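Me: I am new to this structure. Please show me how to read its features, one at a time.

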Amino acid sequence: MGVSGAAYWLMLSSYSQALGRFPFRGFRPDDGRKADSGKAATHQKVIALTFDDGPNEPFTSQIADFLHEHGITATFFQVGRCVARFPDVPAALIEQGHVIGNHSYSHAMGRCVRPAAQRTETAVTQEILTRVTGRTPMLYRPPWLLRTPALFKTLRGHGLQAVSGEFAHAFEVFQPSARRIATRALAKARPGAILIFHDGFDSRGGDRAMTVAATKIVVGALLDQGYRFATVDDLLGIPAYRTAVESS
Ligand SMILES: [Zn+2]
């Protein structure tokens, strides 16, 4: 551990709040508590499903359509470069009631640690998402959950809230079987949890069939356990988009 372990905790952990507020779990405002980092657990069986690194067709729409058929809304943290590839997808997701957040433009580690590049990544993706959806996001998830003090400064400038969560499966990127992904995800399910799945891979897309199938297993099991689902903004009691007045 030592210095590298501490640096890892500060910059990459799902849970560290040291560099800025980074909610990984939530509870609803009607609990009578403030949305926070999750130190106090909610008693309500509500979970936020989140999907990173899209849009990546046909997998993003397969997930969104399945959720929509079950009356479930989720949060999709999308990569600007992928939105440029599939520009119709974000608005279609919003039409189904899903929420879109910013997940950088290139998803490149080297650009996310350099303040100037990272500022550009955030701003360009805000512009793209605003152009294709007519809404300006207020939710941001950093690639690899990597945070720096400069990142939080950039996010404040855009009115963006950084959102953490717990990875459904550490090796989801390698697409283990849907059952394995689902088993790990379900082990992390608890009231207020924000679960992270990937409907893409970096900005590269790729086959996410196992994630699509795992989502169906997870949703079925959680519905059986009496859970319902919320978007991240709803779970945390914060806005998903800037209002027209604020963005002018
Ligand atoms: Zn990502």
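**Reading the features**

Reply: Start with Q175. This is a predicted model, and in it Q175 is partly exposed, with 19 other C-beta atoms within 10 Å. Q175 lies in the loop between β7 and α8.

Me: What is the phi of Q175 near?

Reply: First the general idea. Most residues other than glycine have a negative phi, and most peptide bonds are trans. Phi of Q175 is near 50 degrees, a positive value. D53 also has a positive phi, of about 80 degrees, although it is not a glycine. D53 sits in strand β1.

Me: Is D53 buried or exposed?

Reply: D53 has 28 other C-beta atoms within 10 Å. The cut-off for buried is 20 or more, so D53 is buried.

Me: Which residues does a cis peptide bond join?

Reply: Another joins E57 and P58, with omega about 10 degrees. P55 lies in the loop between β1 and α2. P58 is found in that loop too.

Me: How do I read a strand such as β2?

Reply: In a regular strand the side chains alternate between the two faces of the sheet. Take β2, residues 75-78. T75 and F77 are on one side, F76 and Q78 on the other, and all are buried. Strand β1 (residues 46-54) pairs with β2 in the parallel sense, over 4 bridges. D52 stands opposite F77 in β2.

Me: How are two packed helices, such as α8 and α9, described?

Reply: Two packed helices are described by the angle between their axes and the distance between the axes. Here α8 (residues 178-188) and α9 (residues 209-224) pack at about 45 degrees, with axes 8 Å apart. The two helices are therefore oblique to each other. Their crossing is right-handed.

Me: Which residues of α8 and α9 meet?

Reply: On α8 they include I181, A185 and L186; on α9 they include M210, I217 and V218. By class, the contact has 11 nonpolar, 1 polar and 1 charged residues.

Me: What does E166 touch?

Reply: E166 is found in strand β7. Leaving out residues up to four places away in sequence, E166 touches S14, F24, K188, A193, I194, L195 and I196. L195 is 29 residues from E166 along the chain, yet their C-alpha atoms are separated by 5.1 Å.

Me: How many helices and strands does the protein have?

Reply: The protein has 11 helices and 10 strands. Buried residues make up 46% of its 248 residues.

How values were computed. Residues numbered from 1 in each chain as written. Predicted model: local features only at pLDDT ≥ 70, side-chain atom pairs only at ≥ 80, totals over all residues. Axes fitted to C-alpha atoms, helices over the stretch in contact; angles between N-to-C directions. Parallel < 35°, antiparallel > 145°, perpendicular 65-115°, else oblique. Left-handed = near helix turned anticlockwise from the far one by under 90°. Contact = placed C-beta atoms within 7 Å. Nonpolar A, V, L, I, M, F, W, Y, C, P; charged D, E, K, R; others polar. Buried ≥ 20, exposed ≤ 12 C-beta atoms within 10 Å, placed from the backbone. Pairing = 2+ DSSP bridges.
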